[in-house]
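Biologist: Hi! Could you walk me through this model while I have it open?

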Amino acid sequence: MRITDIQRCEVRPGRLVEWTLSPATVAAAAALPDDSRPPAYIQESHIRTARTVRQDGMFVPTWLGTAFDLPGPVDLDALERALRAWTVRHETLRSGFRWAGDELRRFTLDASDVSLSRREAGDFPDADGLVRHLQDRFDTGADALRWPNLLYTAVVRDDGASVYLAFDHSNVDAYSLHRIPAEVHELYTACLAGTEPDARTPAASYVDFCEIERAHADGIDGRHTTVDRWRDFIRRCDGALPGFPVELGLTPGGPLPRQRMLCEPLVDAQEAAAFEAYCRPYGGSLVGVLAATGLIVHELGGQPVYRTVVPFHTRVKSRWSESVGWYVGGAPIEVPVDRLRGFPEALGAVRAELHANRSLARMPLPRVLDLLGADFRPTSPDLYSIVSYVDARATAGAERWADLKAYALLRVSYGDQVCVWVNRLPEGLWLASRYPDTDIAAKNMRLYVERLRDRIASVAHGSLPAVS
């Protein structure tokens, strides 16, 4: 599924319909006692950061979403039953947080208390106007500091409908978004056939995972080897988490800048397969993308060592594979790019770093930062810059994504970091990035993407020596 923003996902005019959790559901949630299961550290960090940024006078939307088509004519009653069934299936979507002083406490609705309210939002004959309306609605309805923090919509036309679903990031990660089109299609088809969709076994609960992960994280202290290794890494980063090591044109201490979106294909399926084959002895395309990035940013920025935090999913047990939630951790790597003689040596250096450090991603970084006792008061929605690689081809329904016009949506608003996502799709490698909206950043990100494409293509076409 291509990652993009609401402006670039082929929005077409039509009649807009919206679903939110009903007033009865919201009232039931308000009366609930606390759920003893705590937030995940990544959830709590996200919500506290949103509150800090809001208190500093900025509204920074951070929702994620998905877009996909349904063939028509669409039965809105069946779609509503499918959306409710999908919401009930994933417990995190009926769970939220409220403040008790400075403590964040969870509440969770029973499935029987969940219902949706449908609203006709009007006809939108102009695609640009519809895009603006959807973004404004998602900014408000999927805000980290409110509950409910999700909003479902459909743009209905005679030949079908386009579905747009938005969630605060605390509920979903990219893998969750990838699974939504096929799952909602399956439920919708069942509803059309008159089958009761609620009978399907619920997915494993991210709320349960949060409790398990947090108990494990709370079992370590500042003397743990994971904390020691992060302490050393941050010290070598001059006491901060790493940014993207090229000039971005930012003013130190200045206001949080607007961001810009870049998304485009890198190489086709044949070239992606050849690049994967070349890199496979060193761990595959993830290693290849990081190795190429390290060499490129050294060319652009001159840093002798490429330091970054590599995101990894934390669905280490198969029980979580179909669960919606935010299953992401990070592992630090350091690659001495100024001493490497070409791409094969870079592959070896990245492989060694990932082998040594990948296990650190299982410990939530916000917990580590708490134990370090450093002042990491977050002022940006992204703690650090990332380069992420995901092979999404095995996701259920991936072969239909192009036909369904399926996209994973990012909200691009404000931030001083660079986030790069490289996804392998059936049609090849796709890159998306959000970065500070400055002329210097735009120039350097364009150079980065062009050189990354050139390096992948040169590997694919045999222009580099074979690895052994």
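Predicted model: local features only at pLDDT ≥ 70, side-chain atom pairs only at ≥ 80, totals over all residues.

Biologist: Let's start with helices. At what angle do the axes of H3 and H5 cross?

Modeller: The axes of H3 (residues 76-89) and H5 (residues 174-192) cross at roughly 125° and come within 8 Å. The two helices are therefore oblique to each other, and H3 passes H5 in a right-handed crossing.

Biologist: Which residues in H3 and H5 meet there?

Modeller: From H3 you have Ala78, Leu79, Arg81, Ala82, Leu83, Ala85, Trp86 and Arg89. They meet Ile180, Glu183, Val184, Leu187, Tyr188, Cys191 and Leu192 in H5. By class, the contact of H3 with H5 has 12 nonpolar residues, three charged and no polar.

Biologist: What about H9 and H13, how do their axes cross?

Modeller: H9 (residues 285-301) and H13 (residues 439-460) have axes that come within 10 Å and cross at roughly 135°. That makes H9 oblique to H13, and their crossing is right-handed.

Biologist: And which residues make that contact?

Modeller: On the H9 side, Val289, Ala292, Thr293, Leu295, Ile296, Glu299 and Leu300 take part. H13 brings in Asn444, Leu447, Tyr448, Arg451, Leu452 and Arg455. Sorted by class, the contact of H9 with H13 has eight nonpolar, two polar and three charged residues.

Biologist: One more helix pair: at what angle do H2 and H11 pack?

Modeller: H2 and H11 (residues 365-372) pack at about 75°, with their axes 7 Å apart. That makes H2 roughly perpendicular to H11. Tyr41, Ile42 and Ser45 of H2 make the contact with Pro366, Arg367 and Asp370 of H11. The residues of the contact of H2 with H11 divide into three nonpolar, one polar and two charged.

Biologist: Switching topic: how many aromatic pairs does the structure hold?

Modeller: There are 14 aromatic pairs. In one of them, the ring centres of Trp63 and Phe138 are 5.1 Å apart and the planes are at 75°, so the pair is edge-to-face.

Biologist: Where do Trp63 and Phe138 lie?

Modeller: Trp63 lies in the loop between H2 (41-55) and strand E3 (64-71), while Phe138 lies in H4 (residues 127-141), so the pair ties together parts that are 75 residues apart in sequence.

Biologist: Nice. What sort of aromatic pair do Tyr278 and Phe343 form?

Modeller: Tyr278 and Phe343 are stacked, with 6.1 Å centre to centre and 20° between the planes. Tyr278 lies in H8 (residues 269-279) and Phe343 in H10 (residues 343-357), so this pair ties together parts that are 65 residues apart in sequence. Tyr278 counts as buried at 11% relative accessibility, and so does Phe343 at 2%.

Biologist: Which residues do ring pairs link into a cluster?

Modeller: Ring pairs link Tyr206, Phe209, Trp320 and Tyr327 into a cluster.

Biologist: Last one, where is Asp158 found?

Modeller: Asp158 sits in the loop between strand E7 (150-157) and strand E8 (160-167).

Biologist: Why does Asp158 count as exposed?

Modeller: Because the relative accessibility of Asp158 is 77%, and the cut-off for exposed is over 50%. The C-alpha atoms of Asp158 and Pro71 are separated by 9.5 Å, with the two residues 87 residues apart along the chain.

Note on methods
Residues numbered from 1 in each chain as written. Heavy atoms only, no water. Axes fitted to C-alpha atoms, helices over the stretch in contact; angles between N-to-C directions. Helix = DSSP H or I, 4+ residues; strand = E, 2+ residues; numbered from the N terminus. Parallel < 35°, antiparallel > 145°, perpendicular 65-115°, else oblique. Left-handed = near helix turned anticlockwise from the far one by under 90°. Contact = heavy atoms within 4.5 Å. Nonpolar A, V, L, I, M, F, W, Y, C, P; charged D, E, K, R; others polar. Phe/Tyr/Trp six-rings, centres within 6.5 Å; stacked < 30°, edge-to-face > 60°. Buried < 20%, exposed > 50% of the residue type's maximum accessible area, 1.4 Å probe, protein only.
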